[in-house]
Amino acid sequence: MNKRANTIVAVLAIVAICLSLAAVCLALRPAGDGTESETKDVQYVLYLGTNDKDTNEPVMAPEAAMEKAKEILISHFGGYTIQEANGGWIDGDKTYQEYTLVIYLSDTDLAAVHAAADDMIREFRQSSVLIQANETTTEFYGG
């Protein structure tokens, strides 16, 4: 082969190697469509009991508890997702039941979640609010 043919073969080999590496990189990247609307996020899930920590009696009616929680959440975050649930546990030989609110929050941080939880603890006379932080991927899908 002449010198020119060798050069062409070398260039084609380099291009083939580059394309192979690009294909491997694409295959190994995380799932998702790569759009700007998809981001890593932390979703906070809060479990708010509504029985008084000392008397174990409901602090307020379920409808009032839901409205008070919404008021606290909108003032701290401007948005929320909330569901009704029922919690239960055994203490000694007695079983307790409690109307519970499950709150989902995204696009926030732990300090803001703690500030809202402080208000909930005070308003609902709780000893604590259970907070779970779950790493997730958030996407605002529009069709």
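Colleague: Let's start with Trp 89: what is its relative accessible area, and is this residue buried, exposed or partly exposed?
Modeller: Happy to begin there, with the reminder that this is a predicted model. Buried would need under 20% and exposed over 50%. Trp 89 has a relative accessible area of 33%, so this residue falls between those cut-offs and counts as partly exposed.

Colleague: Which residue forms an aromatic pair with Trp 89, and is the pair stacked or edge-to-face?
Modeller: The structure holds one aromatic pair. Its ring centres lie 5.4 Å apart, with 20° between the planes. Planes under 30 degrees apart count as stacked, so Trp 89 makes a stacked pair, and its partner is Tyr 96.

Colleague: Nice! How many bridges join strand 2 to strand 3?
Modeller: Strand 2 covers residues 81–91 and strand 3 covers residues 94–105. The two strands run antiparallel. One of the bridges pairs Gly 87 with Glu 98 of strand 3. The number of bridges joining strand 2 to strand 3 is 11.

Colleague: And which residue in the turn of that hairpin has a positive phi?
Modeller: Strand 2 and strand 3 form the hairpin, with two residues between them. The positive phi is about 70°, and the residue that has it is Gly 92.

Colleague: Staying in strand 3, is Thr 100 buried or exposed?
Modeller: Thr 100 is found in strand 3. A polar atom of its side chain lies 3.2 Å from the backbone oxygen of Glu 98. The relative accessibility of Thr 100 is 10%, and because the cut-off for burial is under 20%, Thr 100 counts as buried.

Colleague: By class, how many residues in the lining of the largest pocket are charged?
Modeller: The lining has five nonpolar residues and nine polar ones. The number of charged residues is four.

Colleague: Last one: what is the volume of the second largest pocket?
Modeller: Its lining includes Gln 43, Phe 77, Tyr 80, Tyr 104 and Asp 107. By class, the lining divides into four nonpolar, five polar and one charged. The second largest pocket has a volume of about 170 Å³.

Definitions and conventions. Residues are numbered from 1 along each chain as its sequence is written. This is a predicted model: local features need pLDDT of at least 70, side-chain atom pairs count only at pLDDT 80 or more; totals for chains, interfaces and linings use all residues. Side-chain values use heavy atoms; hydrogens and water are left out. Rings of Phe, Tyr and Trp (its six-membered ring) pair if their centres lie within 6.5 Å; planes under 30 degrees apart count as stacked, over 60 as edge-to-face and the rest as tilted. Buried means under 20% relative accessible area, exposed over 50%, partly exposed in between (1.4 Å probe, protein chains only). Two strands pair if DSSP finds at least two bridges between them. Helices (H or I, at least four residues) and strands (E, at least two) are DSSP runs, numbered from the N terminus. Ala, Val, Leu, Ile, Met, Phe, Trp, Tyr, Cys and Pro count as nonpolar, Asp, Glu, Lys and Arg as charged, and the others, Gly among them, as polar. On a 1 Å grid over the protein atoms alone, a cavity is a set of points where a 1.4 Å probe fits but cannot get out, and a pocket is an open set with protein on both sides within 12 Å along at least five of seven lines; lining residues have an atom within 4 Å of a point. Grid points are joined across faces, edges and corners, and a volume is the space filled by probe spheres set on the points. A polar contact is a pair of N or O atoms within 3.5 Å; within protein, one must be able to donate a hydrogen and the other to accept it, and residues adjacent in sequence count only if both atoms are side-chain atoms.
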